Amino acid sequence: LPQICLLFFLISLLEDTGYLARAAFVVDRVLRPFGLPGHSFVPLLSSHACALPGIMATRSIPDRRERLATILVAPFMTCSARLPVYVLLTTVLFPTDPAHPWSNWRAPAAFVGCYALGIFAGIASALIARRTILRGPARPMALELPTYKLPSLWTALVTTYDRGLVFVKNAGTNILMICIALWWLSNFPHVAPPARAVEMRQQAEFYRGAAAEPAPLGTGAASAVVPGAARIEGELLGAPLSPAQLRDRADNLEAQADRLEASNAISHSFAGRLGRTIEPVLRPLGYDWHLTIGVLTSFAAREVFVSTMSIVVTGEKDQNRAGVLDAIAAAKRDDGVTPIFTPAVSWSLLVYYVLAMQCLPTLAVTARESGSVKWALLQLVWMSGMAYVAALVVYQVMA
């Protein structure tokens with residue numbers, strides 16, 4: 001919501017100056033060969049922040065066929081939700097090399113390429129739609145050009161508030177419902193913690209006990225109860241640690257146990273079972289069950305992919321902690337040898353996330369703004385099919 005409000009605020013300032021009308025007039029001659037009018041400029045521009053306000057902005061397009069074509073292709077524009085995924089995948093493909101700073105241009109170039117691919121796919125899809133299901137004559141663009149003037153800050157703030165409120169009412173309710181459903185799928189049914197996590201918690205308690213009462217060390221009293229207690233006692237007798245160091249070890253063990261339990265819980269949840277069931281469908285793209293879960297949960301919002309992979313692969317709920325992205329990039333598959341993110345898989349995922357329709361709230365807004373569910377279903381099938389085929393070609397070529 002803050003990003004969308006910021007975009008609305010800036011667009012309102014541009015609109016109030018009289019610039020956007022002239023930009024739409026200039027872009028009309030560029031978009032017209034693809035069946036889109038200059039009126040599509042602002043909706044497509046808005047879609048680079050989020051497709052939801054972009055689709056709602058198509059109400060200003062007078063011709064219904066041109067409006068529907070703009071609605072169908074707006075999600076191809078790279079929105080801000082895709083950026084965390086791009087960061088993860090470009091980090092895997094093009095790690096920073098301090099010894100050769102000249103080579104660090106590759107990740108930004110990949111970012112630019114993703115934006116360009118999305119725009120190209122959007123205008124190409126609009127051309128196909130206008131030549132087939134939305135065939136019809138193009139309406140000449142008639143536009144009154146306002147005078148240039150200084151923008152009104154008050155007008156921009158009121159416009160931002162109104163459009164932000166519309167977004168919360170129309171899209172926020174759908175997002176909330178979907179997030180609740182995915183949360184339930186990711187957290188149920190409850191499963192028993194793995195034996196290793198239980199053992200680590202017992203060892204953590206032993207360390208805390210040693211920090212509080214160091215006298216019993218070496219007696220072996222806890223060896224029969226706590227797995228590994230005899231080994232720990234031997235270590236402590238050989239290299240005595242301060243109470244603070246013992247508590248740090250206990251904290252580290254509990255943190256590892258938390259991550260292990262989180263990873264085990266999601267892998268055995270309904271979402272995890274669904275990921276393993278659907279894995280054969282995505283296996284030709286190079287995705288294992290870990291990535292399948294990430295792709296499935298991304299239907300709530302694309303940026304959920306990174307947090308999902310953080311939990312599934314590392315067990316860490318906070319993907320922003322230092323070293324988490326590196327741990328995800330270095331994660332292995334169930335065989336313990338093959339990386340989850342090989343270069344071919346990373347390129348395939350990058351292309352897939354550029355083209356795929358992975359935002360159910362966008363589909364809900366498409367159905368509402370177009371007046372029919374069939375347009376939302378067409379959008380889902382067309383974008384997902386194009387993404388699957390493109391990712392399949394990329395993986396098979398790169399593998």
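Residues 24 or more positions apart account for 71% of the contacts in the chain that have a separation of 6 or more, a contact being a pair with heavy atoms within 4.5 Å. The model is predicted, with local features requiring pLDDT of at least 70 and side-chain atom pairs counted only at pLDDT 80 or more, whereas totals for chains, interfaces and linings use all residues. Residues are numbered from 1 along each chain as its sequence is written, and side-chain values use heavy atoms, leaving out hydrogens and water.

The secondary structure comes to 18 helices and 0 strands; both are DSSP runs numbered from the N terminus (helices H or I, at least four residues; strands E, at least two). Of the 399 residues in the chain, 44% are buried, where buried means under 20% relative accessible area, exposed over 50% and partly exposed in between, with a 1.4 Å probe and protein chains only.

The largest nonpolar core has 64 residues, and Tyr-287, Leu-291, Phe-305, Phe-341, Leu-349 and Tyr-352 touch the most other members. Such a core is a set of buried Ala, Val, Leu, Ile, Met, Phe, Trp, Tyr and Cys residues joined through side-chain atoms within 4.5 Å. Helix H16 (residues 343-355) supplies the largest share of this core, 8 residues. Apart from it lies another core, of 10 residues, including Ala-197, Tyr-207, Leu-246 and Ala-257. Beyond its neighbours within four places in sequence, Phe-341 is in contact with Leu-88, Leu-89, Val-92, Leu-291, Phe-305, Met-309, Ile-328, Ala-329, Ser-346 and Leu-349.

Because 8 of its 9 residues are buried, H13 (residues 289-297) is largely enclosed by the rest of the structure.

Helix H17 (residues 360-370) is likewise largely enclosed by the rest of the structure, since 8 of its 11 residues are buried. These are Pro-361, Thr-362, Leu-363, Val-365, Thr-366, Ala-367, Glu-369 and Ser-370. Thr-366 has 0% relative accessibility and therefore counts as buried. Not counting residues up to four places away in sequence, Thr-366 touches Ile-55, Ile-71, Gly-371, Trp-375, Ala-376 and Gln-379. After H17 comes Gly-371, with a positive phi near 85°.

H17 and helix H18 (residues 373-398) pack at an angle of about 140°, with their axes 7 Å apart; axes are lines fitted to C-alpha atoms over the stretch in contact, and angles run from 0 to 180 degrees between N-to-C directions. H17 is therefore oblique to H18, given that angles under 35 degrees count as roughly parallel, over 145 as roughly antiparallel, 65 to 115 as roughly perpendicular and the rest as oblique. In this pair, Thr-362, Leu-363, Thr-366, Ala-367 and Ser-370 of H17 meet Val-373, Trp-375, Ala-376, Gln-379 and Leu-380 of H18. By class, that contact has 6 nonpolar, 4 polar and no charged residues, with Ala, Val, Leu, Ile, Met, Phe, Trp, Tyr, Cys and Pro counted as nonpolar, Asp, Glu, Lys and Arg as charged, and the others, Gly among them, as polar.

Helix H6 (residues 83-93) and helix H7 (residues 106-131) pack at an angle of about 140°, with their axes 10 Å apart, which means that H6 is oblique to H7. Leu-83, Tyr-86, Val-87 and Thr-90 in H6 meet Ala-107, Ala-110, Phe-111, Cys-114 and Tyr-115 in H7. The contact of H6 with H7 has 8 nonpolar, 1 polar and no charged residues.
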